[in-house]
Amino acid sequence: MKAEEPAGPALVVAMKGYPRLSETFIAQELLGLQRLGLSFAIWSLRHPTDAARHLMHKEIAAPLHYLPEYLHDDWPRVLRGFARALSRPATLRLLGVFLRDFRRDPTRNRLRRLGQACVMARELPAGTRHLHVHYLHTPASVIRYAALIRGLSWSFSAHAKDIWTTPDWEKREKIADASWGVTCTRDGHAELARLADGPDKVGLLYHGLDLTRFPPPPARPERDGKDAGDPVRFVGVGRAVEKKGFDDLLNALAALPGDLNWRFVHIGGGEMLKGLKAQAEALGLAGRIAWNGALAQDGVIAALRDADIFVLPSKQAENGDRDGLPNVVMEAASQGLAIVATDFAGIPEFIRHGTDGLLVAPGDIAALTAALAALAGDPERRAALGNAAHARLHSDFSAQAGLARIHAALLSEVERGSAS
């Protein structure tokens with residue numbers, strides 16, 4: 001790619017990795033913006049690691065650019081980026097910001113962010129007017145530095161890990177430098193609003209769900225766990241990482257009554273998968289569990305339709321990482337599925353205990369066992385909770401309202417940049 005090509009969309013949307021199966025909410029937003037007629041380019045800090053792709057990814061027609069994931073992988077490109085950055089008048093300001101950051105975070109990762117930003121700043125088309133980034137940690141550092149080099153405005157969408165594992169000083173300074181930002185839970189919004197330089201700098205914007213992509217809920221058999229030939233079917237969808245709480249779930253499943261017939265399907269990859277399989281083996285559960293790995297969305301929906309109870313026992317990880325409002329909880333509701341989850345992070349903003357599902361305290365294995373056992377033996381209650389969650393999804397968590405807001409905000413930035 002030549003430096004500063006004249007052609008290309010005026011808006012850039014950046015993220016850490018694209019496409020990712022676990023980030024359906026980003027793909028949903030990109031496809032929605034495309035359908036509303038907004039032109040944009042996608043820039044990713046990393047190449048994809050998932051073999052499969054969602055159908056949404058195949059529909060997104062935006063030009064896609066990858067930065068060098070590690071600077072030594074494409075050092076000539078990085079050197080060209082540094083050389084061009086040094087020739088720009090904004091370089092002194094960039095160096096001041098970077099050195100201040102580096103003093104507080106003297107890591108190789110921080111240097112990589114600077115290198116990626118220089119490459120991006122050199123290769124962005126001349127017509128670029130605004131940068132928008134998903135996640136306030138590493139991706140926002142790259143976009144912040146690139147925006148400084150090129151004299152562009154930028155904004156952010158913050159989600160979960162980026163909010164809870166980024167130090168306050170870094171969040172505060174990024175929010176101050178950005179034009180505006182949004183986040184997707186009340187919990188996250190309160191944290192960022194605490195650090196913001198103005199009361200309206202960060203908005204609350206639920207992702208919601210594009211309900212046109214989901215079939216109506218199926219008619220489910222009234223399984224009650226008494227028939228060994230037709231066991232109650234639990235399903236959990238999420239990466240095998242600490243914050244998802246699947247280790248707690250395995251302990252809860254092991255404590256279910258011995259005469260209850262059940263099966264559990266897990267969907268997702270992740271660093272803890274091997275350990276979870278070993279835990280299941282040690283607990284004597286291996287024959288009752290199917291580990292299906294990461295699946296595209298059609299596979300996830302098929303598993304939700306086949307299940308009786310969806311379970312996600314989220315909790316805070318040791319490093320402070322936590323969920324926002326996982327899209328898969330709403331996806332389970334789209335299929336009228338009874339939901340058991342934890343009263344934690346953004347989950348209770350959607351699921352009201354006893355009305356739309358059952359919530360237990362994070363890490364309370366006995367309570368999780370009791371909730372699973374209660375619903376496993378009560379198909380009528382499962383149906384009532386699933387129907388209520390489905391109705392709440394349709395009435396309060398459609399994606400259209402949030403999509404209209406982000407579209408208007410991004411379009412305004414592009415138009416402002418074009419007029420300046």
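Which exposed residues does the face of α4 turned away from its buried side carry? They are L92, R93 and R103. The views below come from a predicted model, in which local features need pLDDT of at least 70, side-chain atom pairs count only at pLDDT 80 or more, and totals for chains, interfaces and linings use all residues. Residues are numbered from 1 along each chain as its sequence is written, and side-chain values use heavy atoms, with hydrogens and water left out.

**View 1. The buried side of helix α4 (residues 91–104).** Helices (H or I, at least four residues) and strands (E, at least two) are DSSP runs, numbered from the N terminus. T91, L94, V97, F98 and D101 are buried in α4; buried means under 20% relative accessible area, exposed over 50%, and partly exposed in between (1.4 Å probe, protein chains only). They lie on the same side of α4 because they cover an arc of only 130° around the axis, the arc being that of the directions from the helix axis to the C-beta atoms.

**View 2. Strand β4 (residues 130–134).** Five of its five residues are buried. H130, H132 and H134 point one way from β4, while L131 and V133 point the other way.

**View 3. The neighbours of β4 in pairing.** Two strands pair if DSSP finds at least two bridges between them. Strand β1 (residues 11–17) runs parallel to β4 and is joined to β4 by four bridges, with L131 as the bridge partner of V12. Strand β5 (residues 153–158) pairs with β4 in the parallel sense over five bridges, and F156 in β5 stands opposite V133.
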